[in-house]
Amino acid sequence: MCETCGCDGEDAARLTTLTAPGDGPGHAAGRIHVHDPVPGHGHGHEDGHVVTLGQKVLARNDDLAGRNRAWLAERGIAALNVMSSPGSGKTTLLERTVADLSRDRPISVIEGDQETLLDARRLAAAGARTVQVNTGAGCHLDAAMVAGALAALAPPDGSTVFVENVGNLVCPALFDLGERARVVLMSVTEGDDKPLKYPHMFRGADVLLLNKTDLLPHVDFDVDACRDAARRLCPGLRVLPVSATRGDGLDAWYDWLDEATAGP
């Protein structure tokens, strides 16, 4: 048991690569490649020492995240860590984003879930080469998992990689993956008090997407209160209302993406 977040660090991650339709020579549409568990995964329960385990976990993770960041920077690849609670619409947003933008820029996805290939199949069908990381009992992705996924994914230089983290507003906020920016998504069906309840997640955000705005007439959600609470934690935070299903606000999201992924 990992003392940092309580997940079972002994349950190794599993990687599965799904190619997008027509993805490169020799890749049949939807072909699946299953990889061995990520080397070095786990939270370092070594020699029975548990007193400083949480510090060891995060220190080891931060070191590897720095290596991921350097590897990505050398290749001009922009990696974005997309986080939310379950059901906020991360996969739908990325599905729409891949379908709309992948003609103009190469986009790949690292998909994090405890089990199944359901979301990875959707993203591959939308046009993104995708690696599924199944974390088993783990409640978040870490830098080791992302390092293994990047090796399997082999994103082209100058491309964009979305990392769809495991649905959770707590643990993913603790783990640097080597990303360039953090995208936090929440839906208007969740309640406008989420930034107050989960401050660490929102404090580290580079942009906050308020999804499912098409449902605002039917739910009790105060957009201004949510925006104000998030900006008290992260002054100047970009807050973008969107509807991933209807397409509302996506132009602003795409403009932000252009800014976030430009340059080295």
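## A parallel strand pair

Strand β8, which covers residues 207-211, is joined by 4 bridges to strand β9, which covers residues 238-241, and the two strands run parallel. Between β8 and β9 the chain passes through helix α7 (residues 223-233), and the β-α-β crossover made in this way is right-handed. Within the pair, Leu210 stands opposite Pro241 of β9. The model described here is a predicted one.

## Helix α2 and its buried face

Helix α2 is built from 12 residues, and the distance from its first C-alpha to its last is 16 Å, close to the 16 Å expected at 1.5 Å a residue. Its buried residues are Lys90, Thr91, Leu93, Leu94, Thr97, Val98 and Leu101. When the helix is viewed down its axis, these buried residues of α2 fall within an arc of 155°, and they therefore line one face of the helix.

## Helix α4, largely enclosed

How many of the 11 residues of helix α4 (residues 143-153) are buried? The number is 9, so α4 is largely enclosed by the rest of the structure. The buried residues of α4 are Ala143, Ala144, Met145, Val146, Gly148, Ala149, Leu150, Ala152 and Leu153.

Both ends of this helix also have a detail to look at. At the start of α4, Asp142 has a side-chain oxygen that reaches to within 3.2 Å of the backbone nitrogen of Ala144, while just after α4 the residue Ala154 takes a positive phi of about 50°.

## Salt bridges within a helix and across the chain

The structure holds 14 salt bridges, and one of them joins Asp63 to Arg67, with the closest N and O atoms 2.6 Å apart. Asp63 and Arg67 are 4 residues apart in helix α1 (residues 53-74), and because of this they are separated by about one helical turn. Asp63 is partly exposed, with a relative accessible area of 43%, whereas Arg67, with a relative accessible area of 53%, is exposed.

Another salt bridge is formed where the side chains of Arg105 and Asp258 meet, at 2.4 Å from N to O. Arg105 lies in the loop between α2 (90-101) and β4 (107-113), and Asp258 lies in helix α8 (residues 250-261), so this pair ties together parts of the chain that are 153 residues apart in sequence. The relative accessibility of Arg105 is 18%, and Arg105 counts as buried because the cut-off for that word is under 20%.

## Lys197 and Val170

Lys197 is found in helix α5, which covers residues 194-197, and this lysine is exposed, with a relative accessible area of 51%. Although Lys197 and Val170 are 27 residues apart in sequence, their C-alpha atoms are 9.9 Å apart in space.

Terms used. Residues numbered from 1 in each chain as written. Predicted model: local features only at pLDDT ≥ 70, side-chain atom pairs only at ≥ 80, totals over all residues. Heavy atoms only, no water. Pairing = 2+ DSSP bridges. Right-handed = clockwise from strand over helix to strand, strands pointing away. Salt bridge = Lys/Arg side-chain N within 4 Å of Asp/Glu carboxyl O. Buried < 20%, exposed > 50% of the residue type's maximum accessible area, 1.4 Å probe, protein only. Expected span 1.5 Å × (residues − 1). Arc of directions from axis to C-beta. Polar contact = N/O pair within 3.5 Å; in protein donor to acceptor, adjacent residues only side chain to side chain.
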